[in-house]
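Student: I would like to learn how to read the overall features of a chain. Could we go through one together?

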Amino acid sequence: MAKKSKINFSSKKQNKGQRFNPKKMALTIVAFLVIVFMGVKVVGATTSYLADKKEEKIAMQQAAEAERIAAEKKRKEAEEAKKRIIGVNHEAKKNSYDAVEISKKLKNYDYSNNGEKVVFLTFDDGSSTTVTPKILDALKAGGVNATFFVTGQNIERGGDTARDLIKRSFSEGNAIANHSYSHDYKYLYPNRHLNLENFTSDFKKTDEILKDILGPYFSTRVIRCPGGHMSWKGMEGLDKYLDENNMASIDWNALNSDAEGRKKNADELLAQAKKTSEGKEMVVILMHDTYGKEQTAKALPQIIQYFKDSGYAFKTLA
Ligand SMILES: [Zn+2]
C-alpha cells in the first residue's frame with residue numbers, strides 16, 4: 001500500500017510536471033503581461049485623471065487670484081479717482097459746468113442754456129500779486145466764483161505770493177485752468193500757424209507748476225489758447241489732441257474790453273460787459289487779472305451785481 005501510494009504519488013507528480021509545458025508557460029506569460037499592461041493602463045488613467053483634477057484646481061485657483069487682483073486694481077482706481085481733483089475743489093464741483101459741452105456750444109455760436117441764464121466769469125493771464133487779490137476779494141464779497149486761466153510765467157514771476165493766491169483761489173471754489181506758460185504767440189503759433197509740439201510742451205509746464213502748488217492729484221482739462229482759439233491757423237491738430245484727452249479749449253462770447261483798444265475806466269468796462277453779453281442766455285465773459293488791470297478789479301463788483309440783477313447764475317468751467 002505504502003509502495004503503491006508512493007508510486008501513485010510520484011506518477012501524480014510526473015503528471016503535474018507535464019502541465020508546465022512551454023506552450024502553457026508562454027500563455028501564462030502573455031496573460032501576465034496583458035494583466036500588467038492593463039494594470040499600467042488603469043494606473044496611467046488614474047494618474048492622468050488625478051493630474052487633470054490637479055490642473056483644474058490650479059486653474060481655478062489662478063482664476064480666483066486673477067479675479068482678486070482685478071478687484072483690488074478696480075478698488076485702487078476708484079480710490080485714486082476720488083482723490084483726483086479736476087479744475088475745482090470737490091465741494092465746488094457742484095457749481096461747475098462740463099467745459100467740453102460749453103466749448104462745443106461756443107464753437108457752434110449756441111448761447112442757449114435751456115431757459116436758464118448762466119454766466120462764466122473768466123480771468124486770463126494771472127496770477128498777479130497786485131490785481132488777483134482784489135479780484136478774489138470781489139468774488140468772495142459777491143458770493144460767486146470764476147474760472148482763472150493762469151500762465152506759468154506769471155505764477156513764477158509772483159513767487160510765493162502768486163502760489164498762495166492760486167491756493168486761496170482754489171480753496172474759495174474758483175476753477176483753475178491753463179493759459180500756457182509763456183503766452184508767446186511767436187513760439188506757440190509761428191507765422192500765425194499752430195506748432196502743436198511747442199504748444200503742448202508749453203501748457204505742460206504750467207500743468208507741472210499747478211501740480212506743484214495744488215498737489216499731485218490736481219489737473220485741469222480746461223485751456224484757453226493765448227489770443228483765442230479763433231485767431232490762429234492750423235488748429236485741427238490741437239482739436240484732435242483735446243478730443244483724445246477729453247479736454248476743452250474755451251474762448252468767450254462777451255468781454256469787458258480790458259485788453260482791447262485804449263485803457264478804459266471801471267464804468268466803461270462795465271458798459272462793455274453789458275453790451276457784449278446782451279441777449280445771451282449763456283455768457284462766457286473774458287477779463288484779465290494780470291498786472292495793470294486795476295480797473296477790472298474796480299469794475300468787478302458792479303459787473304457781478306449787473307449779472308445778478310439780470311437773473312444769471314454764476315458757474316465755473318471744469
Ligand atoms: Zn492771455
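This is a predicted model: local features need pLDDT of at least 70, side-chain atom pairs count only at pLDDT 80 or more; totals for chains, interfaces and linings use all residues.

Student: What does the secondary structure of the chain come to?

Tutor: The chain has ten helices and twelve strands. Its radius of gyration is 41 Å, well over the 20 Å from the globule rule for 318 residues, so the chain is more spread out than a compact globule.

Student: What box do the C-alpha atoms fill along the principal axes?

Tutor: The box is roughly 155 × 45 × 40 Å.

Student: Which residues does UniProt list as "coiled-coil region"?

Tutor: An unreviewed UniProt entry gives residues 59–91 for that feature. In the model, this span is 76% helix and 6% strand, with its end C-alpha atoms 46 Å apart.

Student: Where does UniProt place "domain: NodB homology"?

Tutor: The unreviewed entry puts that domain at residues 117–315. Here the chain is 46% helix and 16% strand, and the end C-alpha atoms lie 10 Å apart.

Student: How many of the 318 residues are buried, as a percentage?

Tutor: Buried means under 20% relative accessible area. By that cut-off, 41% of the residues in the chain are buried. The accessible surface is about 18,500 Å², and carbon and sulfur atoms hold 57% of that area.

Student: How many positive and negative side chains does the chain have?

Tutor: There are 52 positive and 41 negative side chains.

Note on methods:
Residues are numbered from 1 along each chain as its sequence is written. Side-chain values use heavy atoms; hydrogens and water are left out. UniProt positions are given in the numbering used here, feature names are shortened, and annotations may be inferred rather than shown by experiment. Helices (H or I, at least four residues) and strands (E, at least two) are DSSP runs, numbered from the N terminus. The radius of gyration is taken over C-alpha atoms; the globule rule is 2.2 Å times the number of residues to the power 0.38. Buried means under 20% relative accessible area, exposed over 50%, partly exposed in between (1.4 Å probe, protein chains only). Accessible areas come from the Shrake-Rupley method with a 1.4 Å probe; for residues, only the protein chains shown count as cover. Lys and Arg count as positive and Asp and Glu as negative; His and the chain ends are not counted. The place of a charge is taken as NZ of Lys, CZ of Arg, CG of Asp or CD of Glu.
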